[in-house]
Each structure stands twice: as C-alpha cells, then as structure tokens.
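Hello,

I am passing a structure on to you, and I would be glad if you read these notes with it open beside you.

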Amino acid sequence: MKEQQLQDKMDEYYNRGIQHGIRMMKDKMLLACRRGTPIEIDGRVYYIRSDLENLKEIMERECKILRVWIFA
C-alpha cells in the first residue's frame, strides 16, 4: 500500500471515529432528556430539556406573572 493510500485510510478511519463519537453523544443527550436525568460534564451537572418542555415552562411562568399583575 502506498503512503498516500495509507494516509487516506487513516483519515477515513479518523473521520468515522469522530462521526461515531458525535452520534454517541447525541444518543446520550436524548436518553438523558427522555429520562430526566442529568449529564455530568467537567464536574458540573446539566439537565437537558426538549423544546416543548422549555416552552411549557416559559408559558407557565408568564401566565403566573400575568395573573399576579391582573389581580394585584
């Protein structure tokens, strides 16, 4: 195998590894979101929420503020 072919194969395997790692992290984040469990990164804990969960929380918070303002 020529040197260029070897380098091409190494680059291909490297890129596959990166793509596989990205896929694994996506799966890990989706699973944590579905389960409501945290992900630890650099000693800190993060909770992942879906867009719908985030929107629900915003709407509930805004409605609560609106009720306080109307009945004050």
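This is a predicted model: local features need pLDDT of at least 70, side-chain atom pairs count only at pLDDT 80 or more; totals for chains, interfaces and linings use all residues.

Residues are numbered from 1 along each chain as its sequence is written, and side-chain values use heavy atoms, with hydrogens and water left out.

The protein chain has 2 helices and 2 strands, which follow the pattern α-β-β-α along the sequence; helices (H or I, at least four residues) and strands (E, at least two) are DSSP runs, numbered from the N terminus.

As for overall shape, the C-alpha atoms fill a box of roughly 80 × 20 × 20 Å along the principal axes. The radius of gyration of the protein chain is 22 Å, while a compact globule of 72 residues would have one near 11 Å; this radius is taken over C-alpha atoms, and the globule rule is 2.2 Å times the number of residues to the power 0.38.

Of the 72 residues, 4% count as buried, where buried means under 20% relative accessible area, exposed over 50%, and partly exposed in between (1.4 Å probe, protein chains only).

Best wishes
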